[in-house]
Amino acid sequence: MDHNINTKTEEETITSTSIHQESKLLGSNKSSYKQILAIGGGKGGVGKTLVTANFAITLARAGAKVTLVDLDLGGANLHTCLGVEMSSRTLSDVFSSDIENIEDLCAPTIVPNLQLISGAHDSLNAANLPHAQKQKLIQRLQQLKSDYVILDLGAGTSFNTLDFFIAADVGILVVLPEPTSIENAYRFIKSAFYRKLKNIEHQLDARELVDKIVEKKEELGIKTPADLLSAIENESSDLGGKVRLAMNEMNLKLVVNQTRTGTDAEIGFGVKNVCKKYFGINVDYLGNLEYDSAVWQSVRRRKPLAVEFPTNPLVATMQKMVGHIVAEQAEKIKNEKSYE
Ligand SMILES: Nc1ncnc2c1ncn2[C@@H]1O[C@H](COP(=O)(O)OP(=O)(O)O)[C@@H](O)[C@H]1O
Ligand SMILES: [Mg+2]
């Protein structure tokens, strides 16, 4: 029985040929259209690296220039599955004075169009990166001459991990259909929500207003982040509207991995509903990936699934997920351009 739930209709999903067209639209010569995707949220072992590597391969095979960045320092393993020799240069070299160009840190992989900035054996501690260094790293990543930059954030909810997640154009959360994993995801979204809100307060000069509302929390009956957003809107519809818009710019996507039953796959819709109600923000459920022994077999052979088992149904499912993201981002860029 096929338990796979695709939240998109056939018309909404696009083939790899159209990804190619879209990626040309996001062409490498137009660096301002570069998209940064961050994968994070779950604890170790939920499938973040599975999603990161195979999303990246899908985009690269469709003709886009892709850079993967292994920010899962301590647990970095992308180099192994992408056939990258232990490089003498890793992420922390971004800060060394003899590196002028971040491209110099990129190593080619077994997949054409796909390069990797490895985090393996890196002395850098992403969780404790000083603010200035983090900003520099984010800026450098934005300078990469790629159509897509994909960040494997690893586990955790340190401020720095959250900042990379928030800096991305698309934030993808991977969860297992288990209560503990779902709880972790909510905790991550909650941390990202308040971190993003802090940034927005600063950008929109809304600090005073938000502080005033938070002080009257009890009185205003604010129990959830969603209540807080509504209260900001009640106080100032203009500013409140901008805050809500900016919160949704986190562009959260969800993947439920290792599903075994149809009920497992439904969990994604539950999470989406809870997020709307509790956080007042949209989470786009990309769909589920079934538990499949081909995944651990490919891991054992140190090859990404899409390379070792290209005809595996999970590969096609991930292509559809990527197609959806690409189409959505292309639409957004088109709309932004028409406002210019
Ligand atoms: N859909 C799946 N079916 C079967 N096994 C899976 C699946 N997704 C992940 N795994 C197993 O879980 C392990 C951890 O996955 P990984 O992508 O490395 O997680 P993370 O990066 O979140 O730590 C893999 O090595 C693999 O054995
Ligand atoms: Mg990993």
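Which helices and strands each supply at least two residues of the shell around ligand 1? They are α2 (48-61), β7 (252-259) and α12 (293-300). Keep in mind from the start that this is a predicted model.

## The chain and its ligand

Let us begin with the overall picture. The chain has 340 residues, and 45% of them count as buried. Its secondary structure comprises 14 helices and 8 strands. If you take the contacts between residues at least 6 apart in sequence, 78% of them join residues at least 24 apart.

Now back to the ligand. There are 16 residues around ligand 1, and those that come nearest are K48, T49, L50, V295 and W296. Sorted by class, the shell holds 7 nonpolar, 7 polar and 2 charged residues.

## Helices that meet

| Helix pair | Crossing angle | Axis separation |
|---|---|---|
| α5 (residues 159-167) and α6 (residues 179-204) | about 70° | 10 Å apart |
| α6 and α10 (residues 237-248) | roughly 135° | within 10 Å |
| α9 (residues 225-235) and α10 | roughly 150° | within 5 Å |

Start with α5 and α6, which pack at an angle of about 70°. That angle makes α5 roughly perpendicular to α6. On the α5 side, the contact is made by F159, L162, D163, F165 and I166, while α6 brings S191, A192, R195, K196 and N199. By class, these residues divide into 5 nonpolar, 2 polar and 3 charged.

Next, follow α6 to its meeting with α10. Their axes cross at roughly 135°, and the two helices are therefore oblique to each other. The crossing in which α6 passes α10 is right-handed. Here α6 contributes F193, K196, I200 and L204, and α10 contributes L239, K242, V243, A246 and M247. This contact has 7 nonpolar and 2 charged residues, with no polar ones.

Finally, α10 also meets α9. The axes of α9 and α10 cross at roughly 150°, so the pair is roughly antiparallel. In this case the crossing is left-handed. The residues in contact are L229, I232, E233 and E235 from α9, together with S237, L239, G240, G241, V243, R244 and M247 from α10. They divide into 5 nonpolar, 3 polar and 3 charged.

## Residues to look up

Is I117 buried or exposed? I117 counts as buried because 29 C-beta neighbours lie inside 10 Å. This residue lies in strand β4. Setting aside neighbours within four places in sequence, I117 is in contact with T67, V69, D70, L91, L105 and C106. The C-alpha atoms of I117 and L78 are 9.3 Å apart in space, although the two residues are 39 residues apart in sequence.

L71 sits in the loop between β2 (66-70) and α3 (78-81). With 26 C-beta neighbours inside 10 Å, L71 counts as buried.

Y33 belongs to the loop between α1 (16-25) and β1 (35-40). Its 18 C-beta neighbours inside 10 Å mean that Y33 counts as partly exposed. Y33 and S146 are 113 residues apart along the chain, and 9.5 Å separates their C-alpha atoms.

## Two positive phi values

One is N113, whose phi is positive, near 75°. The other is D205, with a positive phi near 60°.

Where do they lie? N113 is in the loop between β3 (107-108) and β4 (114-117), whereas D205 is in the loop between α6 and α7 (207-215). Their surroundings can be read from the neighbour counts. N113 is buried because 22 other C-beta atoms lie within 10 Å. D205 has 10 C-beta neighbours inside 10 Å and therefore counts as exposed.

Key
Residues numbered from 1 in each chain as written. Chains lettered and ligands numbered in written order. Predicted model: local features only at pLDDT ≥ 70, side-chain atom pairs only at ≥ 80, totals over all residues. Helix = DSSP H or I, 4+ residues; strand = E, 2+ residues; numbered from the N terminus. Buried ≥ 20, exposed ≤ 12 C-beta atoms within 10 Å, placed from the backbone. Contact = placed C-beta atoms within 7 Å. Near = placed C-beta within 6 Å. Nonpolar A, V, L, I, M, F, W, Y, C, P; charged D, E, K, R; others polar. Axes fitted to C-alpha atoms, helices over the stretch in contact; angles between N-to-C directions. Parallel < 35°, antiparallel > 145°, perpendicular 65-115°, else oblique. Left-handed = near helix turned anticlockwise from the far one by under 90°.
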